[in-house]
Amino acid sequence: MKISESIHQALQNIVSSKLRAFLTMLGIIIGIAAVMVIVGFGNGMENYMKESFQSMGTDTLTVSINGRGSSRSVSEDDMYKLVDDNSEYLDQISPTVSVSGTVKIGTETLDSTTATGVNEEYAIIKDYGISDGRTLQYLDMVNRRRVCVIGAYIAQEYFANNAVGQEIRIGGQKFTIVGVLSQQVTEMEEGGNDDMILLPYTTASRVLSSGDINSYTVKLTSENYVTEGEDAITNALYQVFESEDAYNVTSMSEMLEKMTSMTNMIVLIMACIAGISLLVGGIGIMNIMLVSVTERTREIGIRKALGAKERYIMTQFVIESAVISALGGLIGIGTGYGLSAIATQVVASLLDTSMVIVPSIISVLIAFGISAAIGVLFGYLPAKRASRLNPIDALRYE
Amino acid sequence: MISLIAFNNVSKHYQMGDTLVKAADDISMEINPGEFVAIVGRSGSGKSTCMNIIGCLDVPTSGEYILKGENVGALNKNELAEIRNKMLGFIFQQYNLLPKLTVLENVEVPLMYAGLSKADRRKKAIEALDMVQLSDKLTNMPNQLSGGQQQRVSIARALAGDPAIILADEPTGALDSKTSRDVLGLLQELHKDGHTIVLITHDNSIAVTAERIIRLEDGYVIYDGPADAPEAMVISHHVLEGGAQS
Ligand SMILES: Nc1ncnc2c1ncn2[C@@H]1O[C@H](COP(=O)(O)OP(=O)(O)OP(=O)(O)O)[C@@H](O)[C@H]1O
Ligand SMILES: [Mg+2]
């Protein structure tokens, strides 16, 4: 007897009691769908984070210097030299001075806009293009000019894409807009990557901030040199400060890794919880199969009298349970895709982000494999029981 | 001629609490190829016990059952299943068709277990159903047939694998007298075609269809001989005494 015939027989049995088969599958359906949506959620989150981090650059390091009293310090020039000395790993550097003053255009206040003081290399480090006007230049730094470059969001929202030459107030000071950055994300939003202002760090540190420059963004020659670049900077700074607490070097890729492993952990825990319903589903299948063995005792007796070996009876029941379970798995996969699509919509409308919940193909394959395996596993005991029935007792059974 | 079925001092005992039930007690007999034998006896006399042993559904507590030269007691479950499949065709009182399969599929079941290809199965099953004049009901479900038709399907199923022995346990027990005659006629026809038939019944009028009668009483053989001998129909002392007292 061939497997295909056993499967055909199993399908016949399932079709003859559809409602029961469906209820039996329900646990598996729910379990698979839940695991898929949760894993999809995790994937979506990871992709979303990756995208955000990548736009910040995975080949950059952030150096922040807290200093150690007033006796030791590093100037911008020391930092520039540090980069030059390690040109094998370190490519470019820009100070980053965060500006806390309010940003105003006319009478309107831009609360979510980030304004940062940077040098002329920053746009290159971050790979920002210019869609209008010019970038910040070396002379802007030297002369502490009150000029700035704005993100595409601001240009579009407040200047109708005609921003160059206009004025903007930062911390009460007037700045002339000299350039507009190209749009970075497809769906621009308030507080997003396109809602920002770059101004000369010299101006920022003198006019708008305490004066000390204590934060830098460093571009690596390659993404693969994160560790080497970090080491080079750390060593140099240690020689100055002789204390590890005086500075801090972080890489985006490191942070991404940390965040990813954190979300993965959460997803794993949630998937495990959802996986429990697979277990419950499996037990449901076992229960129904045991009932089915009892109901079909006479059939088993007849088949045995007609020459069915234990192995055939066993195969028949295991396959039936595997088919029910796998069918449940397929329905669950369909449901999982459906729910993922719905969840994507819900998340988009609730959280105002463009996170896409995508169940990975691998998770789908694994889900299907698990559901079939559950059928085999939990069908085994009932099948064993069926195959062991004594033919005389089975034939006498009413 | 080597006998097809040989019982050498076969006993089947059941321990029921303190009492030992001797369902079959030291039975020795032989059945040759081509014979039509009826095993007769009152209820509880051990007919089904014998039939289960002959049918390789059960093994004796003691004694030997030799089927076509092979000692069945020495076989494992798989080998027993194979013998049931290849050597034996069962006809039951309750037909025992599989309700979810069509007539044709029912007849194909033993052939499927025999490992025949789909086409061969179909061909043989249709031949067997032809033989019992049911070739127009191939796609019917069993519950769409009358009792007599269902029993004919089960005869076709027993025949299909061309077994050495056809074992019928009260095949007419659920049928009216007219249909019973048809079924018995069919068995006689099979006998004429050379099949070995063992018919189990409690009914003397049915037992006479066979050419030889083995009469059981309390697990013993009390008569083994031609069906047309006067002693064949003698009912045991037991019953006579019981009858006299009432
Ligand atoms: N599994 C069993 N356990 C205990 N006793 C049994 C078992 N099977 C049969 N017996 C006993 O063995 C004896 C013979 O039983 P058997 O079924 O062979 O009778 P039978 O001749 O077929 O009767 P009937 O015509 O009513 O079917 C009976 O007394 C019965 O109670
Ligand atoms: Mg009986």
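Over the ring of which residue does the charged end of A:R311 sit? The points below take up this question and other local features of the model, which is predicted.

1. Charge and ring. The residue in question is A:Y312: the charged end of A:R311 is placed over the ring of A:Y312, at 5.4 Å from the ring centre.

2. Aromatic pairs. Over all chains, the structure holds 6 aromatic pairs. One of them joins A:Y122 and A:Y128, which form an edge-to-face pair because their ring planes stand at 70° and their centres lie 6.2 Å apart. A pair of aromatic rings is described by two quantities, the distance of the centres and the angle of the planes.

3. Burial of the two tyrosines. A:Y122 has a relative accessibility of 9% and therefore counts as buried. A:Y128 is also buried, its relative accessible area being 13%. The cut-off that applies to both residues is a relative accessible area under 20%.

4. Nonpolar surface. In chain A, the residues A:M265, A:I266, A:I269, A:M270 and A:I273 make a nonpolar surface patch of about 490 Å². Of these residues, A:M265 is located in helix 9 of chain A, which comprises residues 252–295.

5. A glutamine in chain B. B:Q151 belongs to helix 5 of chain B, comprising residues 147–160. With a relative accessibility of 0%, B:Q151 counts as buried. The side chain of B:Q151 makes a polar contact, at 2.5 Å, with the side chain of B:S154.

Note on methods: Residues numbered from 1 in each chain as written. Chains lettered and ligands numbered in written order. Predicted model: local features only at pLDDT ≥ 70, side-chain atom pairs only at ≥ 80, totals over all residues. Heavy atoms only, no water. Patch = residues over 30% accessible without salt bridge, like charges linked within 9 Å, V, L, I, M, F, W, Y side chains within 5 Å. Areas by Shrake-Rupley, 256 points an atom, 1.4 Å probe, with all protein chains shown as cover. Salt bridge = Lys/Arg side-chain N within 4 Å of Asp/Glu carboxyl O. Helix = DSSP H or I, 4+ residues; strand = E, 2+ residues; numbered from the N terminus. Phe/Tyr/Trp six-rings, centres within 6.5 Å; stacked < 30°, edge-to-face > 60°. Buried < 20%, exposed > 50% of the residue type's maximum accessible area, 1.4 Å probe, protein only. Lys NZ or Arg CZ within 6 Å of the ring centre and 35° of its normal. Polar contact = N/O pair within 3.5 Å; in protein donor to acceptor, adjacent residues only side chain to side chain.
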